[in-house]
Amino acid sequence: MLAEQRGSFGTDISNVWIVVPAYNEADRIARTVTSLTSSFSNVIVVDDGSRDGTFDSICQLPVWALRHPINLGQGAALQTGIDFAMRHGAEIVVTFDADGQHDAQDIERLIEPISSARADVSLGSRFLGKEAVNMPASRKIILKLGVLFTRIFSQIQVTDTHNGLRAFSRSAASQIRITQNRMAHASEILDQIQYLGLRFEEVPVTVHYCEMVLEKGQQNSAAVKVAAQFLLGRIVR
């Protein structure tokens, strides 16, 4: 049985599981994971078929190390990690990007609406007062267009649509099913939150943009492709 651990917001964090999808992150996964394991005992890293030494790196860390034999996409890696956390009794599941753009210190604030039973899902937002450090103007424009797209097609009033830092209650995690294997999963999650009538809150979080994050991250030119994948998935589901 897990011992109860109380965070600075009074939340029992012993049943909080962190899911980190990783693809070719051998150079920085240790730094990202270390920022999490210093506070959370249950961290899952899903190596999504990396071609570098990511899996070897995570096997040296105090985490649950899972691996896809081939690259399936971030959405698929998240669902693999969420399924694993649920099988092991997670009460709250947090998703956290592997590239170091998120701040682990934001997690306790993120999960507070769920532990206080005000929300089923808590969504990180880089546009609610905290910093989006070094965010290029072109990226901000794309993200704002993404917000408009989501408000039109999913009818959900959010300020940030593609923030990988989010948290689900056990009930919400059991109801939401990610079928979009690649980057359209972020829009799909919001679409399902609205469709299922789940209560959500947005929480200000910091996102750090450095050269490596921008090189590895989703390119602005991919936005149209992601939107098309989301709409196609919506039609065929």
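Let's call a residue buried when its relative accessible area is under 20%, exposed when that area is over 50%, and partly exposed in between, using a 1.4 Å probe and protein chains only. What you're looking at is a predicted model, so local features need pLDDT of at least 70, side-chain atom pairs count only at pLDDT 80 or more, and totals for chains, interfaces and linings use all residues. Residues are numbered from 1 along each chain as its sequence is written, and side-chain values use heavy atoms, with hydrogens and water left out.

Now the overall layout. The chain has nine helices and nine strands, taken as DSSP runs (H or I of at least four residues for helices, E of at least two for strands) and numbered from the N terminus. Say that a contact is heavy atoms within 4.5 Å. Of the contacts between residues at least 6 apart in sequence, 72% join residues at least 24 apart.

A22 gives you a look at one such spot. It sits in strand β1, residues 16-22, and counts as buried at 3% relative accessibility. Its C-alpha is 4.9 Å from that of D47, 25 residues away along the chain. Beyond its neighbours within four places in sequence, A22 touches V45, V46, D47 and D48, among others.

H185 is another buried residue, at 2% relative accessible area, and belongs to helix α7, residues 185-196. Leaving out neighbours within four places, its contacts include Q74, G75, L78 and R166.

Then there's α5. Its 17 residues reach 25 Å from first C-alpha to last, close to the 24 Å expected at 1.5 Å a residue; that expectation is 1.5 Å times one less than the number of residues. The buried residues here are R139, L143, G146, V147, F149 and T150. They share one side of α5, because they cover an arc of only 165 degrees around the axis, judged by the directions from the helix axis to the C-beta atoms. An α-helix has 3.6 residues a turn, so residues three or four places apart point the same way.

Turned away from that buried side, α5 carries the exposed residues A137, I141 and L145. L148 is in α5, residues 137-153, and is partly exposed at 47%. Just after α5, Q155 takes a positive phi of about 60 degrees.
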